[in-house]
Amino acid sequence: MRRRKLDLYNLKQDSAFLISQKALILLNSKLLVLGCQKENGFLWELPGGLLEAEEDMDKGLIREVKEETALIISISKLICSCSHWIHNFKFKDGRIVNSRIIELAYECHIINGTIKLSNEHNEYCWISAEDSKEYKWNINSKHAIDFYLK
């Protein structure tokens, strides 16, 4: 299947190009993952989310992690990047578009806080590399999980 060319300088109104950042937060050699119910079942993912249009990249990831987990983190280094498509991505204003998402995953460390989940997630756990094979991953985190835990 051939993808249509996405001209970023002349985006059609039914397309978007977004940046998402994910935090690989380690504690005692285990990785923090968050679980939530999605349309296609219960999925696990890394903390993080979409970068706001006028937001610095580091501040965006720190904000997302704090919103989702109540943790204050520091960002160590970029671990991996990838891209994927989400068809029928729904913006908060109700627009539905086909969106190319650039995912950036960073190694992060906890500075302060105790995990308190937002209403975006139902569960959290700390997993080892061996445990990761037992989880069903959201597309927004699968590449980073596979890359980091290999």
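Predicted model: local features only at pLDDT ≥ 70, side-chain atom pairs only at ≥ 80, totals over all residues.

Modeller: Let's start with H1: its 13 residues at 1.5 Å a residue should span 18 Å, and the end C-alpha atoms are 18 Å apart, so the two agree.

Biologist: Nice. Which residues of H1 are buried?

Modeller: The buried residues are Gly60, Leu61, Arg63, Glu64, Val65, Glu68 and Thr69.

Biologist: And what covers the buried residues of H1?

Modeller: The cover includes strands E1 (15–27) and E2 (30–38), along with E4, E5 and E6.

Biologist: What follows H1?

Modeller: Alanine 70 does, and its phi is positive, near 70°.

Biologist: Back to charges, then. How many salt bridges does a search of the whole structure find?

Modeller: The search finds 7. One of them joins the side chains of glutamate 52 and arginine 63, at 4.0 Å from N to O. Glutamate 52 sits in the loop between strand E4 (48–50) and helix H1 (57–69), while arginine 63 is in H1 itself, so this pair ties together parts that are 11 residues apart in sequence.

Biologist: How accessible is glutamate 52?

Modeller: Glutamate 52 has 44% relative accessibility, so it counts as partly exposed.

Biologist: Which other salt bridges does arginine 63 form?

Modeller: Arginine 63 pairs with glutamate 55, where the closest N and O atoms are 2.5 Å apart. Arginine 63 also pairs with glutamate 64, with 3.2 Å between the closest N and O atoms.

Biologist: Are glutamate 55 and arginine 63 buried or exposed?

Modeller: Both glutamate 55 and arginine 63 are buried, and glutamate 64 is buried as well.

Biologist: Which residues are linked in the network of salt bridges?

Modeller: Glu52, Glu55, Arg63, Glu64 and Glu67 are linked in it.

Biologist: Which residues lie nearest its centre?

Modeller: Cys82, Glu103, Ala105, Asn140 and Ala144 do, out of 13 lining residues. Strand E5 (72–90), strand E6 (96–112) and helix H2 (139–149) are the elements that each give two or more residues to that lining.

Biologist: Which element gives the largest share?

Modeller: H2 does, with 6 residues.

Biologist: And how does the lining divide by residue type?

Modeller: The lining has 6 nonpolar, 4 polar and 3 charged residues.

Methods
Residues numbered from 1 in each chain as written. Heavy atoms only, no water. 1 Å grid on protein atoms, 1.4 Å probe; cavity = no way out; pocket = protein on both sides within 12 Å on 5 of 7 lines; lining within 4 Å. Helix = DSSP H or I, 4+ residues; strand = E, 2+ residues; numbered from the N terminus. Nonpolar A, V, L, I, M, F, W, Y, C, P; charged D, E, K, R; others polar. Buried < 20%, exposed > 50% of the residue type's maximum accessible area, 1.4 Å probe, protein only. Expected span 1.5 Å × (residues − 1). Contact = heavy atoms within 4.5 Å.
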